[in-house]
Amino acid sequence: MSDVYTNLRCGDVPPAGLLEGIDLFNAGEYFECHEVLEDIWRAEPDPVRALYQGILQIGVAFHHLRRDNWRGAVKLLTGGSEKVSRFLPRCMGVETAPLHASALACLSLLQSLGPERVREFDWSLIPTIDVNRER
């Protein structure tokens with residue numbers, strides 16, 4: 001679980017880069033989301049950087065899924081879900097609990113389908129990220 005310092009940062013206003021990345025995620029622009037969130041993730045010295053990386057990884061998982069890359073999608077949904085789980089139920093205005101639950105549901109479905117049936121994935125399960133921009 002997250003430590004006290006990380007919990008204190010969760011009360012911060014969401015930085016502009018995080019909001020931009022979330023907007024791109026919600027628009028299905030997962031590669032572009034990755035580019036934006038990678039910049040703020042790399043620049044952030046605080047443990048809250050794992051939140052940025054978790055959202056980034058979940059988005060990249062869906063980018064891999066579009067390319068029928070089952071292995072990449074499973075790996076990144078696993079890692080991204082674990083990172084986001086450190087910041088439940090919300091952090092920096094980001095509603096992490098529903099994102100985490102949706103990512104796990106997608107992961108479970110992918111695991112049950114296996115690589116040979118990846119094209120049967122139910123795209124209606126792809127989450128959007130809710131964020132309170134006025135912290």
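This is a short tour of the structure, stop by stop, with something to select at each one.

**Before you start**

The model is predicted, so to speak of local features pLDDT must be at least 70 and side-chain atom pairs count only at pLDDT 80 or more, while totals for chains, interfaces and linings use all residues. Residues are numbered from 1 along each chain as its sequence is written, and side-chain values use heavy atoms, with hydrogens and water left out.

**The whole chain**

Show everything as a cartoon: there are six helices and two strands, in the order α-α-α-α-α-β-β-α. Helices (H or I, at least four residues) and strands (E, at least two) are DSSP runs, numbered from the N terminus. The C-alpha trace spans about 45 × 25 × 25 Å along its principal axes. The radius of gyration is 14 Å, which agrees with the value near 14 Å for a compact globule of 135 residues; it is taken over C-alpha atoms, and the globule rule is 2.2 Å times the number of residues to the power 0.38. Of the 135 residues, 51% are buried (buried is under 20% relative accessible area, exposed over 50%, partly exposed in between, with a 1.4 Å probe and protein chains only).

**Select 16-26**

This is helix α2, where Gly17, Leu18, Leu19, Gly21, Ile22, Leu24 and Phe25 are buried. After α2 comes Gly28, with a positive phi near 80 degrees.

**Select 49-66 and 70-85**

Here the axes of α4 and α5 come within 7 Å and cross at roughly 160 degrees. Axes are lines fitted to C-alpha atoms, for helices over the stretch in contact, and angles run from 0 to 180 degrees between N-to-C directions. That angle makes α4 roughly antiparallel to α5 (under 35 degrees is roughly parallel, over 145 roughly antiparallel, 65 to 115 roughly perpendicular and the rest oblique). Show side chains for the contact (heavy atoms within 4.5 Å): among its residues are Ile55, Ile58 and Phe62 of α4 and Leu76, Leu77 and Val84 of α5. By class, the contact of α4 with α5 has eleven nonpolar, eight polar and one charged residues. Ala, Val, Leu, Ile, Met, Phe, Trp, Tyr, Cys and Pro count as nonpolar, Asp, Glu, Lys and Arg as charged, and the others, Gly among them, as polar.

Helices α5 and α6 pack at about 150 degrees with axes 9 Å apart, so α5 is roughly antiparallel to α6. Including Trp70, Val74 and Leu77 from α5, the contact reaches α6 residues such as Leu99, Leu107 and Leu110.

Most residues other than glycine have a negative phi, and most peptide bonds are trans. With that in mind, select Asp68, in the loop between α4 and α5. Its phi is positive, near 60 degrees, and Asp68 is partly exposed at a relative accessible area of 30%.

Next, pick Met92, in the loop between β1 and β2. Met92 also has a positive phi, about 55 degrees, but is buried, with a relative accessible area of 1%.

Finish at Pro89, in the loop between α5 and β1 (90-91). The peptide bond from Leu88 to Pro89 is cis, with omega near 0 degrees.
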